[in-house]
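Let's take a walk through this structure together, one chain at a time and then across the contact between them. Keep the 3D view open as you read.

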Amino acid sequence: MKTIDILLKEHPFFWDMENTYVDLIAGCGRNQVYKTDDWLAREGETADKFYVIREGRVAVETEIPGRGRVALATIGAGEIVGWSWIFPPYRWTFDVRVRQTAHVVALDGKCLREKCETDKAMGYQLMKRFSRIMAERLKAARLQVMDIYGTHGDT
Amino acid sequence: MVTLEVASSKHLFKPGEFNMMYAFGIGDVAISISGNSANSGTVTHTLRAVGAVTRALAKHREGDVVGLRGPFGRGWPLDAAHGKQLVLIAGGIGLAPLRPVIYHFMQHAADFDSAYLLYGTRQPEDILFQQELVAWSGRPGFRYEVTVDYADENWQGHVGVVTPRVAKIPLQPDNAVAMLCGPEIMLRYCAEQLLQRGMRASDIFVSMERNMKCAIGLCGHCQYGPHFICKDGPVFSLAEILPWFGRSEI
């Protein structure tokens, strides 16, 4: 059975990170399996984790009055979900629901914050990775808002 | 979205070429050919009714007559892809001009390493050629992935724009030919991702779209830098058009 540090080192989010940092981060992690329709996060609830997805697929969702539940993005193996643990008030801004059985490493947010404060270099490495993912998802969200497949032609 | 099948006994085309379709009394418009180039007798076009001409064309019923000139343009470089991985990236109605490539692959699979289709569209109801996609998915060497921008909870596939999914394509950068068709902004971001993944600009092909009129490079409506999209394209390698790609007012 693989230990948490091995599972993290195999995940693209942690590629290129120094082993000592990964080992430190692994101390905050737990290996978990979630079944289809399980909730990883509920909007407004305390965001005390982020999830490193090893297998399966989850959806970031919200409830729109009059339209029902809407999926905003799906996230799968090799990706991560959750950054609300970084900033106060540490509350999830969307729901996260499992679409296909998800094998994840759940990392404890409070534990990570404490380690980042203690080891600023490690914290910088971690935040650099989160920043890149935030920028990528912001870019994707902007394209989504543009509605590029909409009917903008005139002939 | 409407598919028009026009009976035409002598119409031969290559994947990626287009016809000028004329709605009598309204005008004409360039529409790519979405059928099987191996089938003679009918020529198939898939169009979206968004303007005066396409709305008029979409109203046609069996037995009606439309004007048709073509085929025009330079299509997809299938010969250049022989022995290689075929990577097809389509957005919205951009799947229609790539469908002849998929037909070709299905008929000549041994000529290629494999084919991978990444298809993004607005919502599950807009997915083109759904039954064919399911049928094709069982064929050796062909894989596809669909992602939609918006979906309710019943959709089990991917949600999100097509561009980040490019990073997930099982790509062989040194042995792939990519063919992209869709909104130009999608082409730009997807091409950028393919370059980042190590593909050469000369192996990435995009189908460009501009307002075309004469379709033979005389009127200048579709001029794009030194090229005329109707005559020199609509398919270009990224290397050919890189200086103009993404520049405004071109």
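What follows goes from each chain as a whole to its sheet and cores, and ends with the contact between the chains. Please bear in mind that this is a predicted model.

Let's begin with chain A. It has four helices and six strands, and from the N terminus on these elements run α-α-β-β-β-β-β-β-α-α. Of the 155 residues in chain A, 33% are buried. Among the contacts in chain A with a separation of 6 or more, 73% are made by residues 24 or more positions apart.

Chain B comes next, with six helices and 15 strands. Along the principal axes, the box filled by its C-alpha atoms is roughly 50 × 45 × 35 Å. How does its radius of gyration fit with that of a compact globule? For 250 residues, such a globule would have a radius of gyration near 18 Å, and chain B has 18 Å, so the two agree. Buried residues account for 44% of the 250 residues in chain B. Of the contacts in chain B with a separation of 6 or more, 71% come from residues 24 or more positions apart.

Now look for the sheet in chain B. It is an open sheet of seven strands in the order β10-β8-β7-β6-β11-β12-β15, and its pairing is mixed. At the edges you will find β10 (158-159) and β15 (235-237) of chain B, each of which pairs on one side only. Inside the sheet, β6 (residues 85-91) and β11 (residues 176-181) of chain B run parallel and are joined by six bridges. As a place to start along this pair, B:Gln85 stands opposite B:Ala176 in β11(B). Helix α2 (residues 95-107) of chain B packs on the sheet, where it touches β6, β7 (114-121), β8 (142-148), β11 and β12 (204-207) of chain B. The direction of this helix makes about 155 degrees with that of β6(B).

Which residues have the most contacts inside the largest nonpolar core? This core has 86 residues, and those with the most contacts inside it are B:Leu88, B:Ile89, B:Ala178, B:Met179, B:Leu180 and B:Cys190. The largest share of the core, seven residues, comes from β3(A). To see the surroundings of one of these residues, pick B:Ala178: beyond its neighbours within four places in sequence, it is in contact with B:Val87, B:Ile89, B:Leu194, B:Met199, B:Asp203, B:Ile204 and B:Phe205.

Finally, let's see where the two chains meet. The contact takes 21 residues from chain A and 26 residues from chain B. On the side of chain A that touches chain B, β3 (49-64), β4 (68-76) and α4 (120-146) of chain A each supply at least two residues. The largest share of that side, seven residues, comes from β4(A). By type, the residues there divide into nine nonpolar, seven polar and five charged. There is strand pairing across the contact too: two bridges join β4(A) to strand β9 (residues 151-152) of chain B, and the two strands run antiparallel. Within this pair, A:Val70 has B:Asp152 of β9(B) as its bridge partner.

Definitions and conventions:
Residues numbered from 1 in each chain as written. Chains lettered and ligands numbered in written order. Predicted model: local features only at pLDDT ≥ 70, side-chain atom pairs only at ≥ 80, totals over all residues. Contact = placed C-beta atoms within 7 Å. Nonpolar A, V, L, I, M, F, W, Y, C, P; charged D, E, K, R; others polar. Pairing = 2+ DSSP bridges. Axes fitted to C-alpha atoms, helices over the stretch in contact; angles between N-to-C directions. Rg over C-alpha atoms; globule rule 2.2 N^0.38 Å. Buried ≥ 20, exposed ≤ 12 C-beta atoms within 10 Å, placed from the backbone. Core = buried A, V, L, I, M, F, W, Y, C linked by C-beta atoms within 7 Å.
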